[in-house]
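Please keep the structure open while reading.

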Amino acid sequence: MTTAWHAAEDLALRYADGSLPEADAWSLEKHLETCTGCATRVSAAVRATAAGAELAEIRGSVLTAATTRPEEARGSDPCGSAARTRPAPTAPRRTPRLEPALWALGPALRGTWLLALLSVTIGALLLDHAAGYAATRTLLLTIAPVVPVSGVALSYGPHADPLHEITAATPSGGLRLALTRTAAVLGVSVPALTLTGAALPASGAPGAAAWLLPGLALTLGSLTLASYVGCRTATAVVAGGWLAAVLVPAVAAPGGPLTTRLAGRLATCFDGVQPGWAAAAVVCAALLAARRGAYDHLENR
Amino acid sequence: MTGLRVRHRGTVALDSVDLTLGTGVHGLLGPNGAGKTSLIRVLATVARPSAGRVELLGRDTAGRRALGEVRARLGYLPQEFGYYPGFTVREFVAYVAWLKELPAAGTPAAVERAVARVGLADRADAKVRTLSGGMVRRLGVAQAIVNEPDLLLLDEPTAGLDPEQRVEFRELLRELGASTTVVVSTHLVEDVAAACTEVTLLDAGRVAYRGTPGALAALGETSGGPGDHPVERGYTAALRAHRATEAPR
């Protein structure tokens with residue numbers, strides 16, 4: 001590929017001494033990927049700096065360490081599996097702070113979703129205590145089952161996980177990782193939402209724990225549906241379906257203030273039908289187990 | 001180490017590709033859109049062929065159990081990959097080691113080794129977001145080799161490396177190719193000439209040429225294709241020859 005633009009000598013020097021603005025530095029680096037001429041020029045400029053000399057020294061010692069050891073080890077093990085039995089080149093300066101299994105939870109509990117969970121719980125408490133809004137628990141229970149479902153949407157799959165392309169080629173990247181992250185989402189949202197609900201006055205709404213089984217069933221249902229249509233679509237369908245099932249009849253029902261009708265609708269969905277939700281959760285779990293193979297190839301959905 | 005066989009038919013990206021790859025470094029060359037990335041993604045078990053059979057490391061990847069075992073012995077550097085910016089280099093590689101189900105006891109040593117092999121040992125505690133483009137690329141190679149894979153798939157590994165790093169990287173490739181099957185897609189003919197034991201040239205989803213870099217260079221010399229490097233001349237000559245035979249169909 002040829003481009004009309006090339007890095008001038010002063011641009012290379014400014015890149016080397018670090019005075020080039022970050023945006024310019026990045027576009028220069030992008031250009032270097034395809035232009036050997038400019039890469040050579042910039043490389044020479046960087047090596048001419050004090051840091052360059054230092055880096056060359058460090059690289060030299062690292063290379064010596066990295067290239068001599070395999071030779072030594074190979075000499076004693078001609079089978080070529082030397083690398084497996086070779087001891088670590090250096091003792092780790094610092095062991096990783098967290099167990100890798102915990103890192104798997106990382107993206108689930110990062111950023112927007114955690115922020116949304118916090119604003120739901122804090123918003124509900126403020127609405128009740130500061131504004132004195134009596135029907136807060138009704139509103140909280142309406143959206144509570146959607147919170148873990150949206151958490152699943154934001155933690156697994158090609159749309160949510162920047163590492164998905166690498167993950168998809170690993171043995172643990174399928175259902176195991178999806179379940180790990182779902183467990184993390186539930187582990188945070190279940191206590192947060194239930195305790196918040198318990199801190200709010202009942203005023204006609206179902207109990208604070210009434211959403212737990214429906215929430216679990218809808219989350220497992222999302223994961224099962226995701227094995228057919230992908231995480232993003234599945235969670236949108238399930239969350240949208242729940243909200244429609246609760247809100248549409250409540251709005252359409254005659255008489256009384258909207259929050260009373262909503263509380264009545266929630267009571268219909270929660271009270272007395274808990275065994276039904278438990279059965280739904282079990283059925284979804286069984287279906288999910290049967291569909292686990294689909295998670296090995298979820299890349300295109 | 002067993003070789004691998006790929007048959008892959010009926011898709012637009014790759015058509016009737018039939019390959020057997022053994023130990024060594026296999027260069028995958030071809031114009032943009034020729035199907036290099038599609039082929040690597042199929043070999044990485046990320047994409048599934050719409051038709052045909054893929055056998056990796058002696059196992060048919062259609063079975064779940066075999067798929068898991070093959071994936072544990074794979075290394076894959078995608079052409080583009082994201083990362084969690086808050087992770088350090090060491091955490092990133094250890095996380096992939098966990099995904100590949102490496103025994104927990106051996107993981108710290110395996111991580112140190114992989115990071116040192118790509119020359120990032122001095123940046124092991126740096127956050128990934130502070131790394132330059134070339135360093136992120138090398139980090140990608142480190143995560144791919146952390147499990148000492150038997151099959152290593154590298155999609156454009158030398159993009160973003162400066163000439164000196166590229167020379168060092170080819171050295172690493174030759175070292176890895178001595179005991180494993182390495183498949184490298186690239187559009188830099190110097191990489192192929194310097195580090196590959198075999199070249200596969202793809203064009204429009206079909207295999208246009210297979211042979212050693214030496215044979216490709218010789219083809220360039222005899223048929224006189226345009227280019228600045230013997231392998232480059234071989235590349236254009238092989239492509240033209242392939243297109244000439246494909247055209248009448």
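## The open sheet of chain B

In chain B, six strands make up an open sheet of mixed pairing, in the order β6-β7-β8-β3-β9-β10, where helices (H or I, at least four residues) and strands (E, at least two) are DSSP runs numbered from the N terminus, and two strands pair if DSSP finds at least two bridges between them. At the edges lie β6 and β10 (206-211) of chain B, each of which pairs on one side only. From one strand to the next the twist averages 15°, with axes being lines fitted to C-alpha atoms, for helices over the stretch in contact, and angles running from 0 to 180 degrees between N-to-C directions.

Helix α1 (residues 36-43) of chain B packs on this sheet and touches β3 (24-29), β7, β8 and β9 (198-203) of chain B, its direction making about 150° with that of β8(B); residues are in contact here if their C-beta atoms, placed from the backbone, lie within 7 Å. Strands β7 (residues 151-155) and β8 (residues 181-185) of chain B run parallel and are joined by five bridges, and B:Leu154 has B:Val184 in β8(B) as its bridge partner.

The model is predicted: local features need pLDDT of at least 70, side-chain atom pairs count only at pLDDT 80 or more, and totals for chains, interfaces and linings use all residues. Residues are numbered from 1 along each chain as its sequence is written, while chains are lettered from A and ligands numbered from 1 in the order in which they are written.

## Helix packing around α12 of chain A

Helix α12 (residues 212-229) of chain A packs with helix α15 (residues 274-290) of chain A at an angle of about 25°, their axes being 8 Å apart. The helices α12(A) and α15(A) are therefore roughly parallel to each other, a term that covers angles under 35 degrees, with those over 145 counting as roughly antiparallel, 65 to 115 as roughly perpendicular and the rest as oblique. The contact involves, among others, A:Leu213, A:Leu216 and A:Leu220 of α12(A) and A:Trp277, A:Cys284 and A:Leu288 of α15(A). By class, the contact of α12(A) with α15(A) has 14 nonpolar, three polar and no charged residues, where Ala, Val, Leu, Ile, Met, Phe, Trp, Tyr, Cys and Pro count as nonpolar, Asp, Glu, Lys and Arg as charged, and the others, Gly among them, as polar.

Helix α9 (residues 146-153) of chain A also meets α12(A), the two axes coming within 8 Å and crossing at roughly 25°. From α9(A), A:Pro148, A:Val149 and A:Val152 meet A:Gly215, A:Leu218, A:Thr219, A:Ser222 and A:Leu223 in α12(A). The contact of α9(A) with α12(A) has five nonpolar, three polar and no charged residues.

## Confidence

The predictor gives the complex an ipTM of 0.88 and a pTM of 0.75. For chain B the mean pLDDT, the predictor's confidence in each residue from 0 to 100, is 86, and 93% of residues reach 70 or more. Within chain B, confidence is lowest in strand β1 (residues 4-8), at a mean of 51, and highest in β6 (residues 74-77), at 95.

For chain A the mean pLDDT is 80, with 82% of residues reaching 70 or more. Among the elements of chain A, helix α5 (residues 82-85) has the lowest mean pLDDT (40) and α15(A) the highest (96). Over residues 69-97 of chain A the pLDDT is below 50, although this stretch has 29 contacts in the model beyond near neighbours in sequence. Where pLDDT is low, the predicted coordinates should not be read in detail.

Technical notes:
Two residues are in contact if their C-beta atoms, placed from the backbone, lie within 7 Å.
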